[in-house]
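Morning, everyone. Let's go through the charged contacts first, then a couple of backbone angles. Have a look at the model.

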Amino acid sequence: MKRFDLKYYVDGLKAQNNVILAQAITLVESKRVEDQKMADQLLNEVIQDSTPSIRVGITGTPGVGKSSFIEGFGTYLIDQGKKVAVLAIDPSSQRTGGSILGDKTRMETLSRHPMAYIRPSASGNTLGGVNNRTREAVLLCEVAGFDAIIVETVGVGQSETLVNNMVDFFLLMIQPGSGDDLQGIKKGIMEMAHGIVINKADGDQAKLARQSKKDLLSALHLFAASETGWSTQVELCSALEKTGFESVWQMIASFQKEMISNGLFYQNRSDQNLTWFEDRVNFGILQQLADQPHLKALRQELELKVKQNELSVSKATIEMLDRVKQLLA
Ligand code: GDP
């Protein structure tokens, strides 16, 4: 990887240069200590320079049509005068080495558009959890002038919560389905979603899609109202026939308008920042402690005793924490 000085990155981002944006994200994702130092300086330098934006998270099982939707919807947003960035969190690549957005040809038109930036998810170990660098990537995109940021994830594991904690609007994408199919959607995800989009509402499936919408709306009715006053909306679309994009955008835009007017939009972002900070600090503290040689040795000793039933878990915990206290005193 090529390395540059801080000014190069700062100027490049402010000049809205997509090549330098890509280099800056690579820097932020790097695990090298010197790169991380520079990345921290960079983020600190540009923190005040971001464009007002809307951050939209999209989740849905593979095959539901996320890439097709983002390709069409992204192009629609560009036609509305927006600059669109697409980032991905792909927990599955940890297992398979693959990547949902690894293949840019899946969003061929969008990826070639000068008003778009698509970041294939890094494969490997930076994904998921507190080490994820997607939040930083979102910020860098905003500094580079992108005002619609789409964060995509496949609905596996903890990734929805992770994404939900870094976006303003969380969108669940599903396909038309029977009542049984709809019941299979995890309740937690439905509650988290600000909007549900039923894709593939075309051809033979158009009627089923309309029925699914009705079923979903009545199911959602049973959920407790959200504290924000926003109730989850359901929209139909067809990424194939490029229909429904406008109503999906209207839904997101009216959410944003409502949240800005009741003060919750920026409140949510600062809450997210705080959670992010706390997660990182907690993670850092745990890591530092785990690296302490004295603690490591004691821990191994206690683990063995617990395993062999020589010491109770509570006694072992107390001993371990006493040592931590001594160390910090
Ligand atoms: P992803 O895995 O969620 O990103 O899904 P893809 O965008 O790769 O789409 C999966 C399959 O569904 C592809 O064969 C698409 O052509 C098809 N597909 C996507 N959107 C639509 C749609 O709106 N209508 C129909 N009929 N098929 C679609």
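A salt bridge here means a side-chain nitrogen of Lys or Arg within 4 Å of a carboxyl oxygen of Asp or Glu. Keep in mind that this is a predicted model.

By that criterion, Asp168 and Arg269 pair up through their side chains, at 2.7 Å from N to O. The two sit 101 residues apart and link distant parts of the chain. Asp168 is in the loop between α8 and β5, and Arg269 is in helix α13. Buried or exposed? Asp168 has 2% relative accessibility, so it counts as buried. Arg269 comes out at 11%, so it is buried too.

The structure holds 14 salt bridges. Another is Arg55 with Glu142, where the closest N and O atoms are 2.7 Å apart. That pair also joins distant parts of the chain: Arg55 in strand β1, Glu142 in helix α7, 87 residues apart. Both residues are buried.

Now a local one. Glu191 and Lys187 form a salt bridge at 3.4 Å. They share helix α10, four residues apart, about one turn. Glu191 is partly exposed at 43%. Lys187, at 49%, is partly exposed as well. There is also a network: Arg3, Arg32, Glu34 and Asp35 are joined by salt bridges that share partners.

On to the backbone. Most residues other than glycine have a negative phi. Lys200 has a positive one, near 65 degrees. Its place is the loop between β6 and α11, and it is partly exposed at 25%. Lys242 is also positive, about 55 degrees. Lys242 lies in the loop between β7 and α12. At 56%, Lys242 counts as exposed.

Note on methods:
Residues numbered from 1 in each chain as written. Predicted model: local features only at pLDDT ≥ 70, side-chain atom pairs only at ≥ 80, totals over all residues. Heavy atoms only, no water. Buried < 20%, exposed > 50% of the residue type's maximum accessible area, 1.4 Å probe, protein only.
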